Amino acid sequence: MEASADAGAAAAAAAARTLRWAGRAGHLGGFPRAVVFAAVGAFAKAYASLLNNTTVHNADALLRLVLARPTGTPLLTVSNHMSTVDDPLMWGFKGFPTSNAKLGRWVLTAEDICFRNVVMSYVFRLGKCVPITRGGGIYQEHMDEALDVLVNGGWLHSFPEGKIAQDDQPIRRLKWGTASLIVRAPITPIVLPIVHSGFEKVMPENLFFGRRPPVPLCGKKIDIIVGEPIEFDMASLKQEAAMVPHDPSSVRKGWPTITPGGLDEAAQRWLYQKMSDKIQSVMERLRKKLLNLKQH
């Protein structure tokens, strides 16, 4: 009983700290959100378009989907994660509606970094950030919030590698959370890959005695490449997943059965890995293409 009460109290405290109500579009008539987007948008524009040299390849592919995708169709952008300022600076390039709160993305963010207190939680909620608890699993309550964005036809951005890596290495193995959102969404989202480099120089992790600089640095070269949408034949993939044999030695996490189709945990594992591998492969090809473009 005591353990249950403690868990309930911890969940209530987390809910109070993350302030989901502040992320609603109608909160105070939308004015606080508009102010945050205007301020953060100006900051992103200044650093991406004025104080640093940013080149974006295939930007039209992103702009088309942000501005004019079919009504009700969700957009899920995925990118590598080079620094704590990837978002919002990656949206600060010329011609992008960075300050438009209505068009702006929702983004998955680390709860332990962005939601450490009520003030931070309020600001990040206004900035359309969804807190994700590290180690909380792909079926944590906050992932349901992210799913709601897709259900409502919104734009969600994810860093599927799960953490920052500033070395110039191949795209790492992806976490399954992004794939799980694609599977669970009633309308399969348009999945658009983006790869960038240079933000690790704008906000290096270990500049001053193992710490980040107090503000982003200037005079750096930033390169961004937008790929083409990744196609998933969900009907065929789910059919294949349903035929996966059970492995009695595998550890069960108690995941819920996905409906329609009734995919059990073994099927989900196979499906999430298959889809994550495909996204990783596409992102890696995009990374190599960007490296080639930078050399010419």
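Let us start with a working term: a residue counts as buried under 20% relative accessible area, as exposed over 50%, and as partly exposed in between, using a 1.4 Å probe and the protein chains only. Lys201 is a case in point, being partly exposed because its relative accessible area is 46%.

Before going further, please keep in mind that this is a predicted model, in which local features need pLDDT of at least 70 and side-chain atom pairs count only at pLDDT 80 or more, while totals for chains, interfaces and linings use all residues. Residues are numbered from 1 along each chain as its sequence is written, and side-chain values use heavy atoms, with hydrogens and water left out.

Helices (H or I, at least four residues) and strands (E, at least two) are DSSP runs numbered from the N terminus, and two strands pair if DSSP finds at least two bridges between them. Seven strands make up an open sheet with mixed pairing, and their order is β1-β7-β6-β2-β5-β3-β4. At the edges sit β1 (53-57) and β4 (129-132), each of which pairs on one side only. On average, neighbouring strands of this sheet are turned by 25 degrees against each other, direction ignored; here axes are lines fitted to C-alpha atoms, for helices over the stretch in contact, and angles run from 0 to 180 degrees between N-to-C directions.

Now follow strand β2 (residues 75-79). It runs parallel to β6 (residues 190-197), and five bridges join the two. β2 also pairs with β5, again in the parallel sense, over four bridges. Leu76 is a handy landmark here: it stands opposite Val191 in β6, and its bridge partner in β5 is Leu156.

From there, step across to β5 (residues 155-158). Both faces of this strand are covered: Trp155 and His157 on one side, and Leu156 and Ser158 on the other, are all buried. β5 runs parallel to β3 as well, joined to that strand by two bridges, and in this pairing His157 is the bridge partner of Val107.

Helix α7 (residues 141-151) is our next stop. Its buried residues are His142, Met143, Glu145, Ala146, Leu147, Val149 and Leu150. Met143 counts as buried because its relative accessible area is 4%. The C-alpha atoms of Met143 and Leu181 are separated by 7.9 Å, although the two residues are 38 residues apart along the chain. Just after α7, Gly153 takes a positive phi of about 75 degrees.

Charged pairs come next. Side chains of opposite charge can pair when their charged atoms come close. A salt bridge is a side-chain nitrogen of Lys or Arg within 4 Å of a carboxyl oxygen of Asp or Glu, and a search of the whole structure finds 13 of them. One of them joins Arg20 to Glu145, with the closest N and O atoms 3.7 Å apart. This pair links distant parts of the chain, 125 residues apart: Arg20 is in the loop between α1 (2-18) and α2 (31-50), while Glu145 is in α7. Arg20 is partly exposed because its relative accessibility is 38%, whereas Glu145 is buried because its value is 8%.

Another salt bridge brings together Asp87 and Arg105, at 2.8 Å from N to O. Asp87 lies in helix α4 (residues 86-89) and Arg105 in the loop between α4 and β3 (106-110), so the pair ties together parts that are 18 residues apart in sequence. Asp87 is buried, with a relative accessible area of 14%, and Arg105 is buried too, at 7%.

Returning to Lys201, its side chain meets that of Glu200 in a salt bridge of 3.3 Å, N to O. Glu200 counts as buried because its relative accessibility is 12%. Elsewhere, salt bridges that share partners join Arg20, Arg125, Glu145 and Asp148 into one network.

UniProt, in an unreviewed entry, places the feature "domain: Phospholipid/glycerol acyltransferase" at residues 75-199; its positions are given in the numbering used here, feature names are shortened, and annotations may be inferred rather than shown by experiment. The end C-alpha atoms of residues 75-199 lie 24 Å apart, and the span is 30% helix and 21% strand.
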